[in-house]
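Have a look at the structure below and keep it open while you read.

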Amino acid sequence: MILRILNLVRKEITQLARDRLMTTLIFLVPIVQLLLLAQATGRRIGDLRVAVLDLDRSSVSRQLIAELENREELSVWCFAEDEDHLRDLLDRGEVRVGVIMPQGFARDLADPLRTARVRVVVDGSNSVAGSIALSAASAVFAEYGQERLEALGVSATLLVDLRVETLYNPTYNIRHFAIPAQVGFITFQITLVIASLGLARERELGTLEQLIVSPLSRLELVLGKAVPAFIIGELNFLSIFAIAIHFFHLPLRGSFLLLLGLTSLFIIAEIGWGVIISAIARNQQQAILFVFILAIVDITFSGYLVPVENLPRLLQLIARAVPMYHYLVIIRAVMLKGAALTDLWPHALALGGLGIAILSLSVQGVSRRLD
Amino acid sequence: MSIHRTLAIARKEIRHILRDLRTFFLVTVSPAFLLLTLSYIFVLDVQQADLAVWDLDGSPLSRRYVAVLTADGDFRVRAPATSYTELDRLLLAGEVDGGLVIPQGFEAGLQAGRQVQVQVVLDGSDPIAASQTFFSLQQRTVAFAAPFRASPTLVVGGLEVRGEAWYNPALKSLISMVPGLIPIVLSMPALALALAFTREKEVGSFESLIVTPVRGTEYLAGKLFAYLSSGLVSVLLVWLIAVLYFRVPFRGSPLLYLLLGADYLLASMGFSLLIANFTRTQQTAMLLVLMIFFIPSFFVAGLITPVDTSSLGSRIVAYSLPTTHFIAVSRGLFLKGLGGEALLLPAAVLLGMGGLGFASGLLLFRKRLG
């Protein structure tokens, strides 16, 4: 039995090695992804364009415009002539922020009995850029107001002082959050692509019949397809992990062996999914589109982008059945928090249980489709 | 070019899409399904967080403070902690997102008008959630403490900032993300076309096509027509989900949306056709589309963070993706209610991309035949 499986494994690997473009892509795609993500999370959002509608034209308003320009997040792009012009600039997306200082702004500010009002308008069609712009522009004015209050001798200390201490990632580095998840997602993708296309391709090219009439049993057939996917999944994990540690300086505070062991469990579960897909799909087009759908479902339910607690209740329950949810908790905890198996056993157990369930389902699925 | 032969190819391809329910779902319905799934990430804007509270004061006032913090359900007290070791373990296992330590003398201090210090310990492994948690704890605490000030200072004058967000007044991420995600989920028809195209080469039915009187233009146009029609159905489904299910306001013209949707499909299909030209197998076609089109669309097309305009290189990368243009169009039509003339430039760019992809596909195709 072992011999027959090994023969199939050898055939798969020879086939893959012959396709140069494919082997290159298997390792290139993950690297490109990681670089894009690192680039996207490494840069601070800066220089959001501001249009100023300065109806006051005073030295104070000019000073505030200079303060706006000094904010890293903002960059004063142009002056608007009136409110219609401002709306037009925001409509066309030429600027993202409008600041309106009304006539008499400086006079009201100097008068202790009056309140000087300023309007900050942001383009909410991109909510992320919108909120960053809103808080940056508001902060410029709030700081200026605070300075004036202090100059008048008004104390502004808080009665309850919150002393915050942030563990594991005190600098709030967003890469530490995003890159471990991407390592998990890449391992998921490549494993699934290899595992799901194996049988679908044989079926489409008509070589599946030959495999069926060979002395290979169904289990041997599945294992022969699974082993190369497992090897490629592990190699991919190791290379991407090494890049994350060496080039992007991510910490590994827990045990590498623990992570590797749990990663293997994760890869096995995903291979199970891949085999199920290739049992359902009639051709490669279907298999590939299925993989894309599964990838999106996993992005939603795994906490890859947004914590699972932010999903509606029912969907939180579904998330528990997604292997990548448990794996992302594990990889983040091991790398960033230095968690050990004693902290993570519920997730490890869930990963193992899901793996067994998915694998037995997949062997059943294949036998039914082939007989 | 014969219309008759083009339509024959289109009919064959449409039959392929419709014949198997699975293919129909995957090619035509999947964008709507994906939008439905992905948008759920952005349904709830409030950040829910679980806290462990270590109340060293144990007074009525400290209990009221905790009650004020948790009143609206955004914060939940998961576990009462009684030591730092306990707190550490809870954070490590991920059972709570943060810890709150209320010192002894909390009540006495506040009632005397003295400043008291409350310690907050946060799990920074998710920095976005951590900063949001801190921010809303801070807000609630300020509101809680306000009445205890000995003499409420009369603030005279001052500076008032009024913030407004146009197009999306509450800055809800769902409202902003659904129109932005539509271009991404609508890349499925382009992927399907690239696969259908490579498939003929892989399976070998391509050779049998060559000996038929069908010419390259007719072959490509027929295939494109079939997937474009199926893609238009997807645009309609996706639009209906956004408007009827997620209740995203749509302020532009629906007809214009459909038209520009077709424009985008054309561009993305030209793009993927170009990619498919260089590959022999569907596996490689898929990985290339994933690497060049799909993944960058998430990161550089302005979906979450705005398009990076800081360097020429990043601008070129961003604006050579059809997704970047259609994200701007989609948000412009949904939220800003833009008219045709404001969208002329992206529409022309998309059309150009589609034409370019189709022409180069044809050129490479001819070369291979010759």
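Find Trp54(B): it stands opposite Val101(B) in β3(B). Before going further, note that this is a predicted model, where local features need pLDDT of at least 70 and side-chain atom pairs count only at pLDDT 80 or more, while totals for chains, interfaces and linings use all residues. As for the labels, residues are numbered from 1 along each chain as its sequence is written, and chains are lettered from A and ligands numbered from 1 in the order in which they are written.

Strands β1 (residues 49–55) and β3 (residues 98–102) of chain B pair in the parallel sense, over five bridges. Strands here are DSSP runs of E with at least two residues, helices are runs of H or I with at least four, and both are numbered from the N terminus. Two strands pair if DSSP finds at least two bridges between them.

Now zoom out. What is the order of the strands in the open sheet? The five strands run β5(A)-β4(B)-β3(B)-β1(B)-β2(B), and their pairing is mixed. At the edges sit β5 (160–167) of chain A and β2 (75–80) of chain B, each pairing on one side only. On average, neighbouring strands of this sheet are turned by 30 degrees against each other, direction ignored.

So where do the chains meet in this sheet? β5(A) pairs with β4(B) in the parallel sense over eight bridges, and Val160(A) has Val116(B) as its bridge partner in β4(B). Helix α6 (residues 127–145) of chain B lies across β5 of chain A and across β1, β3 and β4 (116–123) of chain B, at about 170 degrees to β5(A). Such angles run from 0 to 180 degrees between N-to-C directions, with axes fitted to C-alpha atoms, for helices over the stretch in contact.

Across the two chains, 98 residues of chain A are in contact with 98 residues of chain B; contact means that C-beta atoms, placed from the backbone, lie within 7 Å. On chain A's side, α6(A) gives the most, with 13 residues.

| Residue | Phi |
|---|---|
| His249(A) | near 55 degrees |
| Tyr167(B) | about 70 degrees |

His249(A) lies in the loop between α9 (218–246) and α10 (256–280) of chain A. It counts as exposed because it has 11 C-beta neighbours inside 10 Å. Tyr167(B), in the loop between β5 (159–166) and α7 (173–185) of chain B, counts as buried because it has 24 such neighbours inside 10 Å. The cut-offs are 20 or more other C-beta atoms within 10 Å for buried, 12 or fewer for exposed, and partly exposed in between, with C-beta atoms placed from the backbone.
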